[in-house]
2 protein chains.
Amino acid sequence: MAKFMDVHSGFFGVTQQQLAEAHQRDLDIEADEGVHFEQAWLDPESGKVFCLATGPSKDAVMRIHARAGHPTAEVYELPVEV
Amino acid sequence: MAKFMDVHSGFFGVTQQQLAEAHQRDLDIEADEGVHFEQAWLDPESGKVFCLATGPSKDAVMRIHARAGHPTAEVYELPVEV
């Protein structure tokens, strides 16, 4: 199981509730790919969202996000952390 | 106190020990600005580092990273999280 950070753009002015709903759409289907989205942080001013996830592969993370309606190509595998 | 994610580029092939040393240089001086760097994740293949921090301002985070030898202009304030 690897760890991943993915980055979404264009979430300008998104609220706590909207982020929670988007996150829930990931959680509802993540088991299909053996992925778990642990946490997500939003900067509504720049429209950036950072999601921390675990899963078997970058592609698995991307497939869940795409099916949940917020695709991103920007997914980084994180083998090192402090 | 706000929360921030900052992104560094160019950390290709950096090891766990090198990341720990870079992070320690932040920790050594972060109190000067009331900043705390909580966690950092590295993708050595793309050279990206993501740092999660708390502090009084984006500028304070940037000043500590600059003094520690790894400046970045890419710092996002994170008022929303799930």
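Which residue in β3(A) is the bridge partner of His36(A)? The bridge partner is Thr54(A).

## The model

This is a predicted model, in which local features need pLDDT of at least 70 and side-chain atom pairs count only at pLDDT 80 or more, while totals for chains, interfaces and linings use all residues. Residues are numbered from 1 along each chain as its sequence is written, and chains are lettered from A and ligands numbered from 1 in the order in which they are written.

## Chain A

Chain A has two helices and five strands. Both kinds of element are DSSP runs numbered from the N terminus: helices are H or I with at least four residues, strands are E with at least two. From the N terminus on, the order is β-α-β-β-α-β-β.

The C-alpha atoms of chain A fill a box of roughly 35 × 30 × 20 Å along the principal axes. The radius of gyration of chain A is 12 Å, which agrees with the value near 12 Å for a compact globule of 82 residues. That radius is taken over C-alpha atoms, and the globule rule is 2.2 Å times the number of residues to the power 0.38.

Buried residues make up 34% of the 82 residues in chain A. A residue is buried if 20 or more other C-beta atoms lie within 10 Å of its own, exposed if 12 or fewer, and partly exposed in between, with C-beta atoms placed from the backbone. Among contacts between residues at least 6 apart in sequence, 65% join residues at least 24 apart. A contact means that two C-beta atoms, placed from the backbone, lie within 7 Å.

## A hairpin and two sheets

β2(A) and β3(A) run antiparallel, joined by seven bridges. Two strands count as paired if DSSP finds at least two bridges between them. These two strands form a hairpin with four residues between them. In its turn, Gly47(A) has a positive phi of about 80°.

β2(A) also pairs with β5 of chain B (residues 80-81), antiparallel, over two bridges. Here Leu42(A) stands opposite Val80(B). An open sheet of five strands has the order β4(A)-β1(A)-β3(A)-β2(A)-β5(B), with antiparallel pairing. β4 of chain A and β5 of chain B are the edge strands, each pairing on one side only.

A five-stranded open sheet also runs β5(A)-β2(B)-β3(B)-β1(B)-β4(B), again with antiparallel pairing. β5 of chain A and β4 of chain B (75-77) stand at the edges with a single partner strand each, so one side of each is left without a neighbour in the sheet. β5(A) joins β2 of chain B (residues 36-43) over two antiparallel bridges. Glu81(A) has Trp41(B) as its bridge partner there.

## Where the chains meet

The contact takes 21 residues from chain A and 21 residues from chain B. On the chain A side, α1 (16-29), β2 (36-43), β3 (48-55), β4 (75-77) and β5 (80-81) each supply at least two residues. β2(A) gives the most, with five. The chain A side divides into 13 nonpolar, four polar and four charged residues. Nonpolar covers Ala, Val, Leu, Ile, Met, Phe, Trp, Tyr, Cys and Pro; charged covers Asp, Glu, Lys and Arg; the others, Gly among them, are polar.

A rotation of 180° with 0.0 Å of shift along its axis superposes chain A on chain B, at an RMSD of 0.0 Å. That is the relation of a two-fold axis. In chain A, the C-alpha nearest the axis belongs to Phe50(A), 4.7 Å from it. The same surface serves both copies, and 100% of the contact residues of chain A recur in chain B. The superposition is by least squares on the C-alpha atoms of residues with pLDDT of at least 70 in both copies.

## The core

The largest nonpolar core has 36 residues. Such a core is a set of buried Ala, Val, Leu, Ile, Met, Phe, Trp, Tyr and Cys residues joined through C-beta atoms within 7 Å. Phe50(A) and Phe50(B) have the most contacts inside it. Not counting residues up to four places away in sequence, Phe50(B) touches Met5(A), Phe50(A), Met5(B), Val7(B), Ala40(B) and Trp41(B).

## An exposed proline

Pro56(B) lies in the loop between β3 (48-55) and α2 (58-67) of chain B. With 12 C-beta neighbours inside 10 Å, Pro56(B) counts as exposed. Its contacts are Met1(B) and Gly34(B), not counting residues up to four places away in sequence.
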